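The following questions and answers examine one protein model. Please consult the sequence and the structure while reading.

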Amino acid sequence: MTRILVIALLLISPNVSAFSIEWLPLVTTEKSGNPLNIGGNPVLEYRNAGKGGIDWTVTGDGPTGGRGIRELWLFDDSAAGIPGTSQATTTFSVVSNAVGFVMAGDHNDGFAQFLVDGIDVGTFDMYRTGNRILAVTGLDFIAHTLTIVQLGEHNPNSTKGDVAIFGGAAFNTPIAAIPEPQTYAMLLAGLILLVSMTRYQKQRA
């Protein structure tokens, strides 16, 4: 009986959600490299990453660089005998239910770890991935924080373990319609009927 009630509460709770991730090609961009939309959804805010970080805060003991206002590099110099990892973090000023990590990947890139609001959403090999967006959807409607960590690791084909960042984007994706009161009333009536039948069967037994 308790199990049935728990399942019902989970079904009707508006807060039950799980984020999902998807790699998308970086297509429509402005001159600085930022996307105008992600999956057809307009970008609400773009946090630009470039040399020195710009809209991102860079920490750690790994060296950094970049290409003007367009690209931030988190270097891995472990092959040169200079070990060190680094990370870049940014926080949006707008509320959204989805974010995008706008990334680049070429012959000298390695593994990068991605976090949203401190939650690990995955570690990926950036070797020869080209320009792509890691879209994270199904989030709560808050102002999110993005973090990218250069782990100092790479696969045998890559010359180094660098991580190249264009920036981060906040956007919204359509959400399922909230059930109307009649739907909740029908569900409640069904639960009451189910409870009554369960009790009746126990009494007969």
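Q: Over how many bridges do β8 and strand β13 (residues 163–171) pair in the antiparallel sense?
A: The model is predicted, so local features need pLDDT of at least 70, side-chain atom pairs count only at pLDDT 80 or more, and totals for chains, interfaces and linings use all residues. Residues are numbered from 1 along each chain as its sequence is written, and side-chain values use heavy atoms, with hydrogens and water left out. Strands (E, at least two residues) are DSSP runs numbered from the N terminus, and two of them pair if DSSP finds at least two bridges between them. For β8 and β13, the antiparallel pairing has seven bridges.

Q: Which residue in β13 is the bridge partner of methionine 103?
A: Strand β13 covers residues 163–171 and pairs with β8. Within β13, methionine 103 has as its bridge partner isoleucine 165.

Q: Which residue in β11 does glycine 100 stand opposite?
A: Strand β11 (residues 132–142) runs antiparallel to β8, and seven bridges join the two. In β11, the residue opposite glycine 100 is alanine 135.

Q: How many of the nine residues of β8 are buried?
A: A residue is buried under 20% relative accessible area, exposed over 50% and partly exposed in between (1.4 Å probe, protein chains only). Strand β8 is largely enclosed by the rest of the structure, because the buried residues number nine of the nine.

Q: How are the rings of phenylalanine 101 and phenylalanine 114 arranged: stacked, tilted or edge-to-face?
A: Rings of Phe, Tyr and Trp (its six-membered ring) pair if their centres lie within 6.5 Å; planes under 30 degrees apart count as stacked, over 60 as edge-to-face and the rest as tilted. By this rule there are five aromatic pairs. In one of them, the centres of phenylalanine 101 and phenylalanine 114 are 5.0 Å apart and the planes stand at 75 degrees, so the arrangement is edge-to-face.

Q: How many residues apart in sequence are the parts that the pair of phenylalanine 101 and phenylalanine 114 ties together?
A: Both phenylalanine 101 and phenylalanine 114 are buried. Phenylalanine 101 belongs to β8 (residues 96–104) and phenylalanine 114 to strand β9 (residues 111–116), so the pair ties together parts whose separation in sequence is 13 residues.

Q: The charged end of which residue sits over the ring of tryptophan 23?
A: Trp23 forms one aromatic cluster with Phe101, Phe114 and Phe124. A charge sits over a ring if NZ of Lys or CZ of Arg is within 6 Å of the ring centre and within 35 degrees of the ring normal. At 4.2 Å from the ring centre of tryptophan 23, the charged end is that of arginine 132.

Q: What distance separates the C-alpha atoms of phenylalanine 92 and alanine 143?
A: Phenylalanine 92 is found in the loop between β7 (86–91) and β8, and it counts as buried at 4% relative accessibility. Beyond four places in sequence, its contacts (heavy atoms within 4.5 Å) include Glu45, Arg47 and Ala143. Phenylalanine 92 and alanine 143 are 51 residues apart along the chain, and their C-alpha atoms are separated by 5.5 Å.

Q: With which residue does glutamate 45 form a salt bridge?
A: A salt bridge is a side-chain nitrogen of Lys or Arg within 4 Å of a carboxyl oxygen of Asp or Glu, and the count by this rule is three. Both glutamate 45 and arginine 47 are buried. The closest N and O atoms are 3.8 Å apart where glutamate 45 bridges to arginine 47.

Notes. Helix = DSSP H or I, 4+ residues; strand = E, 2+ residues; numbered from the N terminus.
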